[in-house]
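Trainee: I'd like to learn how to read a metal site and a bit of sheet. Can we go through one together?

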Amino acid sequence: MEQCVFCKIVNKEIPSEIIYENDKICVFKDINPKAPVHILIVPKKHTESLNELDEREKDLLGEMVLAAKKTAKDFGISDGYKLLFNVGKKGGQIVEHLHLHLLGGW
Ligand code: 5GP
Ligand code: ZN
């Protein structure tokens, strides 16, 4: 099956501005920023959305949120930022690979 765009970024098949990665997650700049700082926190394993996760993935979710907090600090926006999961088409999700938006820098 054709890989999704975020799987291609995770696998370095298409370029992106990667800020941080480890064995579970990848943090990179959004290509079309909706805020002065707009960064995406993405699990390396393909999962469509938050709706596919349960208790087994709570460590992964915690890691994503803490990575967002750390990234906010590294970008000097700790004093104010938003974290956002869009879930499903009706929720504004376009890329069907779980991701957490970090928005700030206004
Ligand atoms: P969604 O609306 O699915 O929650 O957000 C998807 C986000 O992914 C959008 O903000 C969009 O700009 C970003 N995006 C889509 N394609 C690419 C890409 O190829 N590279 C990067 N870095 N971001 C992308
Ligand atoms: Zn994917």
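Trainee: How are the donor residues of the zinc ion (ligand 2) spaced in sequence?

Mentor: As C-x2-C-x38-H-x50-H. This is a predicted model, where local features need pLDDT of at least 70, side-chain atom pairs count only at pLDDT 80 or more, and totals for chains, interfaces and linings use all residues. Residues are numbered from 1 along each chain, ligands from 1 in the order written, and side-chain values use heavy atoms, without hydrogens or water.

Trainee: Which protein atoms are the donors of the zinc ion (ligand 2)?

Mentor: Donors are N, O and S atoms within 2.8 Å of the metal (3.2 Å for Na, K and Ca); water is not among the atoms, so sites may look incomplete. Here they are Cys4 (SG), Cys7 (SG), His46 (ND1) and His97 (ND1), 2.0 to 2.3 Å from the zinc ion.

Trainee: Is Cys7 buried or exposed?

Mentor: Buried means under 20% relative accessible area, exposed over 50%, partly exposed in between (1.4 Å probe, protein chains only). Cys7 has 11%, so Cys7 is buried, while His46, at 40%, is partly exposed.

Trainee: And the sheet: what is the bridge partner of Tyr20 in E2?

Mentor: Strands (E, at least two residues) are DSSP runs, numbered from the N terminus, and two strands pair if DSSP finds at least two bridges between them. Tyr20 sits in E1 (residues 18-21) and partners Val27; 3 bridges join the antiparallel E1 and E2.

Key
Helix = DSSP H or I, 4+ residues; strand = E, 2+ residues; numbered from the N terminus.
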